[in-house]
Amino acid sequence: MNMKRRPSSPALLPIALTALALALPLPALAQQTAAGKPAAAPRASTAAGARVTLNFVNADIEAVTRAMGAMLDRQFIVDPRVKGTITVYSETPLTVRDAYFNYLAALRGLGFTVVENAGLLKVVPEADAKLQAGTVSIGDVNRRGDQIVTQIFRLDHENPNNLVAILRPLISPNNTINANPGTSSLVITDYADNLARLGKIIAALDQPSASDIEVVPLQHGVAADLAPLVQRLADGSGPSAPGVPGAATAAVAVIADSRSNALIVRSANPARQAQVRSIIDKLDRPTQGGGPAGTVWVVHLKNAEATKMAQVLRAAFPVGSGSGGGGGAAPVAAAPAVAANAQGAGASPATAPIQASAGPSTGGFVQADPSTNSLVITAPEPLYRQVRAMIEQLDTRRAQIYIESLIVEVSGDNLAEFGIQWQGLNGQKGDKNIVGAGTNFSGAANIINLSAAVAQGRAGAGSVDLSGLGGLNIGVLRDFGGFYGVAAIARLLQTQTNVNILSTPNLITVDNEEAKIVVGRNVPFITGQFTSTGTGTTNPFQTIERKDVGITLRIKPQIGESGTVRLAIFQESSDVITQATGTGNTGPTTSKRSIESNVIVDDGTILVLGGLIEDRFEDTKNKVPLLGDIPVLGALFRSETRSRKRTNLMVFLRPVVMRSADDANKLSLDRYDLIRAQQKDAQPSSNPVLPVGDAPILPPQRAPQLAEPASAPAKTN
């Protein structure tokens with residue numbers, strides 16, 4: 001069967017080929033469903049093993065498609081947008097399968113393709129193929145040719161977002177790639193042959209980023225000593241510089257396991273793993289020059305205090321103190337105590353050092369050097385290994401705790417006062433006896449005091465003090481022997497006072513270390529006085545003690561592993577009420593509210609420590625007996641005062657544990673932004689007359705140096 005000779009009319013060639021194809025049964029192509037299972041093979045229409053020679057030159061696409069449908073015994077649907085001519089020919093006879101692949105390749109060159117959907121084969125433009133393709137496969141690519149299908153690749157190690165940037169340039173422009181980080185998979189729609197190539201690339205890239213963990217036991221060295229040295233040698237000259245491509249994948253992690261005296265090594269590839277293992281073998285050598293008393297070792301502590309650590313080690317290894325070169329067990333020197341009054345009773349807290357400098361501790365096989373915060377250990381190698389393992393467990397970063405205290409006080413005072421006072425005289429000038437009557441009650445507005453003040457003012461003794469006449473006052477003045485005095489006065493007064501105070505003393509301290517904050521005034525209190533009078537000389541003196549008045553908070557926290565915080569708390573809120581004056585000065589009078597307790601609270605929760613709720617009512621009546629009880633008219637003979645005072649005081653506490661440097665940094669930056677925002681709001685308004693108008697403000701935070709961001713997922717069509 002030779003169809004190489006070109007007919008005189010190209011339009012008749014597809015018809016002839018179609019008729020020839022219908023007369024001979026051809027082997028069917030295996031089809032697959034969207035689930036990846038093979039569908040029933042189409043009915044064969046050519047003899048098994050029969051071959052055809054294609055010779056379509058500038059033939060109509062629709063006519064050639066009908067011919068291919070007759071050969072495959074499958075129904076083709078041609079999209080109306082698919083128009084034009086196509087050239088498909090072969091020099092040698094081909095199987096129907098290969099002839100179909102040549103047809104697909106020719107369509108791809110024209111911008112068209114074939115998609116399978118619901119058992120039908122559609123010839124559509126390539127741009128629409130990704131929306132109409134019904135074939136979806138999972139796993140390996142089981143299709144060939146230039147047919148567009150959708151393939152799902154599931155990844156085991158690599159992040160799918162990282163592969164999108166690598167694979168996107170390898171996919172045809174009209175097709176898509178999408179990443180699903182939730183299931184760690186890639187969804188790619190493209191030609192089957194290209195998907196097979198992408199599958200090989202994905203398999204090569206989807207590899208573990210690091211080799212398996214290897215535990216290297218040490219024979220002579222100490223794991224805690226060798227781990228930093230091996231880490232530096234494995235990384236070259238130190239940690240990899242940020243921003244260098246491949247720095248993260250080429251890093252080597254070396255961790256010391258003090259319990260088994262081994263190094264845990266993990267590297268990017270087996271070659272680096274072997275290199276690290278070689279370094280460890282060269283460094284793990286017996287110590288040279290160790291005498292009977294042992295070898296001297298110097299251990300630099302990272303977090304703990306050397307003096308306290310030395311005491312703990314000497315107490316934990318009492319037998320080792322005899323091997324320190326001193327013969328017998330040497331006495332353990334006590335660490336210098338850190339006292340608040342280290343400079344004496346008269347030392348000022350502002351000038352006294354926070355902590356006295358500690359001297360080197362002596363005695364035993366462990367010596368402490370506070371200046372470098374190091375331990376000098378004189379012990380044989382087996383004992384040193386035990387001591388070193390204990391140091392690694394104790395020399396850890398201690399957590400810090402941020403304590404927020406809220407002191408809320410809400411109080412209100414109500415006062416109402418009503419009273420009538422009057423005075424009268426009956427007699428004439430020159431009478432021997434004059435009759436007087438009246439009412440007067442205690443208080444600042446006493447009618448006798450007011451009359452005396454008026455008389456003193458008239459006599460030129462000074463100004464008249466009427467400060468006690470608050471509220472509404474209705475009075476009657478009368479001429480008493482040539483001057484006017486108060487004859488009657490009615491007073492109505494009502495006052496109301498509301499107080500709302502919120503104090504928030506906050507502080508940060510290390511676990512199991514006491515912290516103190518004082519916000520207030522330093523008030524002098526007289527503790528003694530003496531005056532010695534000699535011949536013509538007077539030598540008075542007095543002793544004064546100053547005390548803090550305000551808000552004081554002392555807390556010693558202890559963090560538990562379960563997330564609870566135990567707090568030893570002393571909180572005091574005090575204030576100066578009055579300041580006594582005069583020769584009999586007894587010092588100021590202060591109000592004081594304090595709480596001292598031990599509580600347990602969860603991390604980040606609010607706990608109420610205590611409070612005071614007081615509601616007090618007072619009713620004071622001044623009246624003339626019998627006359628003051630007369631209805632209506634009795635008001636002329638009495639004065640009444642009522643007062644009510646309500647006080648509500650509560651103290652709340654909220655501890656927040658900060659176990660890492662990031663936690664402390666976030667809290668500090670948050671408070672930094674808060675105070676900076678308040679400073680910006682407090683800036684004065686501009687005034688052309690007053691040129692000075694810039695209040696101080698904190699500088700903005702410097703942006704932290706962040707690592708280079710990961711490649712963003714490529715935009716998909």
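User: Why is R642 called partly exposed?

Analyst: In this predicted model, R642 has a relative accessibility of 43%. Buried would require under 20% and exposed over 50%; the value of 43% lies in between, so R642 counts as partly exposed.

User: What makes the contact between E640 and R642 a salt bridge?

Analyst: The closest N and O atoms of E640 and R642 are 2.9 Å apart. The cut-off is 4 Å between a side-chain nitrogen of Lys or Arg and a carboxyl oxygen of Asp or Glu. Since 2.9 Å is within 4 Å, the pair qualifies as a salt bridge.

User: How do you know that R554 and E514 form a salt bridge?

Analyst: Their side chains meet at 3.1 Å, N to O, and this is within 4 Å, so the term applies. The pair links distant parts of the chain, 40 residues apart: R554 belongs to strand 22, whereas E514 sits in the loop between strand 20 and strand 21.

User: Is R554 buried, exposed or partly exposed?

Analyst: R554 has a relative accessible area of 29%.

User: Why are both D670 and R671 called partly exposed?

Analyst: D670 stands at 42% relative accessibility and R671 at 31%. Each value falls between 20% and 50%, so both residues count as partly exposed. D670 and R671 also form a salt bridge, with the closest N and O atoms 2.5 Å apart.

User: How many salt bridges does a search of the whole structure find?

Analyst: The search finds 20 salt bridges.

Technical notes
Residues are numbered from 1 along each chain as its sequence is written. This is a predicted model: local features need pLDDT of at least 70, side-chain atom pairs count only at pLDDT 80 or more; totals for chains, interfaces and linings use all residues. Side-chain values use heavy atoms; hydrogens and water are left out. Helices (H or I, at least four residues) and strands (E, at least two) are DSSP runs, numbered from the N terminus. Buried means under 20% relative accessible area, exposed over 50%, partly exposed in between (1.4 Å probe, protein chains only).
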